[in-house]
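Me: Please take a close look at a single part of this structure. I would like one connected account of how that part is placed among its neighbours.

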Amino acid sequence: MKRIFGLRDSNKENGSGCGKGSAQKEEELAAAGIAAEGKQEQAEVMGTRKIRRGKAGLDPEKTDEMAGLDPSADDTEDRGFLSLRGVGKQYVTGDIVVDALRDVSFDLENGQFVVVLGSSGAGKTTLLNLLGGMDNATSGDIVLDGKDITKLDRKGLTYYRRNDVGFVFQFYNLMPNLTALENVEIAVEICKNHLDPAEVLTNVGLEERMNNFPAQLSGGEQQRVSIARAIAKNPKLLLCDEPTGALDYKTGKNILELLYNISKKHNKLVVVVTHNSAIREIADKVIYVRSGQVESIEDNPNPMPVDQLEW
């Protein structure tokens, strides 16, 4: 504004041509301002063009090439079905920083039965919580079937846990006032593409126990309900936290056989977190965790049949 006023004042001092000169200068300044605003609008339009094309059902990358733009590269092309790169998790309390996980990287494929082994406090449960979207990584990225869950907001993580992940816990976590069938039904009410609860319970050997309450079921039967509840969601990833920890030897083997068959017959990625080193014999891949880091990864091309497993 000062420059405009200055131009006006100088024109007035110059005499009769002041009106015309002032108007011309103002028009030039206005034109410059419009041009600047136009460039800003163009940048904003270019920035949102991919979103608009995506909503219109077009391929953003192809249309960017046609427009002479440089599409961003997809860094997940050569990665596994479940892929971790440089994942870390820190817990901070005042001046104390605890590295629960540090620089964890690995790739897993669909249909694999994977065992994560480590002693208490090694970081197994922290890793499981990150894979399941129950906690947020401090660094790195976790990609499941092309979706980077470390970039999801709170709502996105809710949908991820609801539709993409099934959980099997050590202590079942069944609703005591619901029957076995109702416990499975309540879990799938808000899921898309879920399986039939009654059919799933039949497949895990509970056809005759569907109408029983948890208190009327044995520990092994309750764990089968828990597994049925997880797989009825038809998840991409099945996470199991010490699934045999509260069971006797025979029942534990039956549960492991059920989980193994799920991975092979239904082509599901099953990840079992445990401290029981004997279970590694039946796994396709074993991940050893120690002091918050992956100590080693072992591929097992010839897994032992579950019925031969001893511990």
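Reply: Two strands pair if DSSP finds at least two bridges between them. The strands themselves (E, at least two residues) and the helices (H or I, at least four residues) are DSSP runs, numbered from the N terminus. This is a predicted model, in which local features need pLDDT of at least 70 and side-chain atom pairs count only at pLDDT 80 or more, while totals for chains, interfaces and linings use all residues. Residues are numbered from 1 along each chain as its sequence is written, and side-chain values use heavy atoms, with hydrogens and water left out.

The part to look at is strand β8, residues 269–274. β8 belongs to an open sheet of six strands with mixed pairing, in the order β6-β7-β8-β3-β9-β10. At the edges are β6 (165–168) and β10 (293–299), each of which pairs on one side only. From one strand to the next the twist averages 20°.

On one side, β8 is joined by five bridges to β7 (residues 237–241), and the two run parallel. Here Asp241 has Val273 as its bridge partner in β8, and Leu237 stands opposite Leu269. Between β7 and β8 the chain passes through helix α9 (residues 249–265), and this β-α-β crossover is right-handed. Right-handed means that, with the strands pointing away from the viewer, the path from the first strand over the helix to the second runs clockwise.

β3 is also parallel to β8, and five bridges join them. In this pair, Val115 stands opposite Val272.

In a regular strand the side chains alternate between the two faces of the sheet. In β8 both faces are covered: Leu269, Val271 and Val273 on one side and Val270, Val272 and Thr274 on the other are all buried. Buried means under 20% relative accessible area, with a 1.4 Å probe and protein chains only.

Helix α4 packs on the sheet, touching β3 (113–117), β6, β7 and β8. Contact means heavy atoms within 4.5 Å. The direction of α4 makes about 155° with that of β7; axes are lines fitted to C-alpha atoms, for helices over the stretch in contact, and angles run from 0 to 180 degrees between N-to-C directions. Six of the eight residues of α4 (124–131) are buried, among them Leu127 and Leu131.

Definitions and conventions:
Buried < 20%, exposed > 50% of the residue type's maximum accessible area, 1.4 Å probe, protein only.
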